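Please open the structure in a viewer and keep the selection tool at hand.

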Amino acid sequence: MDNTLGNVIGDSLSLSIGYAERLLAGIDNDQFGRLPHVGEQVIQSNHPAFIYGHLSLYAPKIIANLGGDPMDLPEGFENLFSKDAQCVDDPKQTLYPSRDVIVDAFFGGYRQVLEDIRNASDTVLARDNPTPGRLRELFPTLGSMTAFYVGGHCMIHLGQLSAWRRVMGLAAA
């Protein structure tokens, strides 16, 4: 089977997964859902709970588009982490699922995506993007959309986490 494109896209996803693992180092559970503060100023940005939760929404969609059988996300993830949801401070750790639940959804989904994408044929990845509207205009094929989600989209949000780490006084990952 010809799967050159899948391996190219998989290489980018491997980098994203590795970076996501490194970024978790040193983040305490009680910080996971916290917005950063500089003095009395709250910085309105995405915190780790929101970033990993939001990104976890896309793995099942990618897997389904590739013809696989995605794992189910925990109940409520779509509402909490959709592109339209707002990231809020969670000092009492009651608004978002636990760190373990969120992180397991993220890594479980993307590790399955990595396996599925590396096994996808170039013919599958050359299919028309099944998503209507602007996303199809930007990424006309299943391969180009998948490459964006596992590369650019992941790294955009992981870059937010890198900045969050610095504001929280943590070292680079």
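The stops below begin with the overall fold and end with aromatic rings. The model is predicted.

**The whole chain**

Display the chain as a cartoon. Eight helices and two strands are present, and from the N terminus on they follow the order α-β-β-α-α-α-α-α-α-α. The radius of gyration is 17 Å, close to the 16 Å that the globule rule gives for 173 residues, so the chain is as compact as a globular protein of that length. Along the principal axes, the C-alpha atoms occupy a box of roughly 55 × 30 × 30 Å.

Next, switch to a surface view. Of the 173 residues, 43% are buried. Among contacts with a separation of 6 or more, 72% join residues 24 or more positions apart.

**Helix α5**

Select residues 99-119, which form helix α5. This helix has 21 residues and spans 30 Å from its first C-alpha to its last, close to the 30 Å expected at 1.5 Å a residue. Which residues of α5 are buried? They are R99, I102, V103, A105, F106, F107, G109, Y110, V113, L114 and I117.

**The aromatic rings**

Show the side chains of F32, Y52, F106, F107 and Y110, which together form one aromatic cluster. In total, the structure contains 11 aromatic pairs. Within the pair F106 and F107, the ring centres are 4.8 Å apart and the planes stand at 90°, so the arrangement is edge-to-face. F106 has a relative accessibility of 1% and therefore counts as buried; F107 is buried as well, at 6%.

Move on to F139 and F148. F139 is buried, with a relative accessible area of 18%, whereas F148 counts as partly exposed at 24%. The cut-off that separates them is 20%, under which a residue is called buried.

**A charge over a ring**

Finally, select K61 and Y58. The charged end of K61 sits over the ring of Y58, at 5.0 Å from the ring centre.

Definitions and conventions
Residues are numbered from 1 along each chain as its sequence is written. This is a predicted model: local features need pLDDT of at least 70, side-chain atom pairs count only at pLDDT 80 or more; totals for chains, interfaces and linings use all residues. Side-chain values use heavy atoms; hydrogens and water are left out. Rings of Phe, Tyr and Trp (its six-membered ring) pair if their centres lie within 6.5 Å; planes under 30 degrees apart count as stacked, over 60 as edge-to-face and the rest as tilted. Buried means under 20% relative accessible area, exposed over 50%, partly exposed in between (1.4 Å probe, protein chains only). A charge sits over a ring if NZ of Lys or CZ of Arg is within 6 Å of the ring centre and within 35 degrees of the ring normal. Helices (H or I, at least four residues) and strands (E, at least two) are DSSP runs, numbered from the N terminus. The expected span of a helix is 1.5 Å times one less than its number of residues. The radius of gyration is taken over C-alpha atoms; the globule rule is 2.2 Å times the number of residues to the power 0.38. Contact means heavy atoms within 4.5 Å.
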